[in-house]
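Please open the model in your viewer and keep the sequence panel beside it. The tour below goes from one selection to the next, and each stop says what is to be found there.

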Amino acid sequence: MIDVPRIAKGDQPYEWRPPQGLCWWLWRGLVMLQCPNGHSCHLPHAVNASGVVTPSAVCPVAGCGFHEHLRLTDWDMGDKADKTTQADVLARRTEELDE
Ligand SMILES: [Zn+2]
């Protein structure tokens, strides 16, 4: 398991990416992750009060190969359940396109 540093982020656009490698941040209540290769995505996984992510995280970018068990450093939101369904993800994407 590897520790993921937290990045402070203001009201940036969804496409904003931090300059660092592996890190996480919050965007409108969503947990966002950037892999060490600079790919960022929403992390719908469950997170426990210690910041441990379940299940392991896989970068969705083809050919990246990043796949790790993660712990989010400075996690302060208690237990977050993994309630995301495929329909939820599609709905969010549609909302983002409408903005
Ligand atoms: Zn990646």
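Predicted model: local features only at pLDDT ≥ 70, side-chain atom pairs only at ≥ 80, totals over all residues.

Residues are numbered from 1 along each chain as its sequence is written.

**The whole chain**

Read from the N terminus on, the elements run β-β-β-β-β-β-β-β-β-α, and the helix, helix 1, covers 86-98. Of the 99 residues in the protein chain, 14% are buried, a word used here for residues with 20 or more other C-beta atoms within 10 Å of their own, whereas exposed residues have 12 or fewer and partly exposed ones lie in between, with C-beta atoms placed from the backbone.

Next select strand 2 (23-27) and strand 3 (30-34), together with strand 4 (40-42). These strands make an open sheet in the order 2-3-4, with antiparallel pairing, where two strands are said to pair if DSSP finds at least two bridges between them. Strand 2 and strand 4 are the edge strands, each pairing on one side only, and the twist averages 25° from one strand to the next, with axes being lines fitted to C-alpha atoms (for helices over the stretch in contact) and angles running from 0 to 180 degrees between N-to-C directions.

Zoom in on strand 2 and strand 3, which are joined by five bridges. Trp25 has Met32 as its bridge partner in strand 3, and Trp27 has Leu30. The two strands form a hairpin with two residues between them, and Arg28 in the turn has a positive phi of about 50°.

**The nonpolar core**

Now select Val4, Cys23, Trp24, Trp25, Met32, Leu33, Cys35, Leu43, Val47, Val53, Leu70 and Leu72, the twelve residues of the largest nonpolar core, meaning a set of buried Ala, Val, Leu, Ile, Met, Phe, Trp, Tyr and Cys residues joined through C-beta atoms within 7 Å. Strand 2, strand 3 and strand 9 (70-72) each supply at least two residues of this core, and strand 2 gives the most, with three.

Pick out Cys23 and look around it: leaving aside residues up to four places away in sequence, Cys23 touches Val4, Pro5, Arg6, Ile7, Pro18 and Gln34, contact being defined as C-beta atoms, placed from the backbone, within 7 Å.

**Two loop residues**

Select Asp11, which is found in the loop between strand 1 (2-4) and strand 2. Asp11 counts as exposed because it has 7 C-beta neighbours inside 10 Å. The C-alpha atoms of Asp11 and Arg28 are separated by 8.3 Å, although these residues are 17 apart along the chain.

Finish at Asp74, in the loop between strand 9 and helix 1. Asp74 is exposed, with 12 other C-beta atoms within 10 Å, and its C-alpha atom is 6.4 Å from that of Arg6, 68 residues away along the chain.

Key. Helix = DSSP H or I, 4+ residues; strand = E, 2+ residues; numbered from the N terminus. Contact = placed C-beta atoms within 7 Å.
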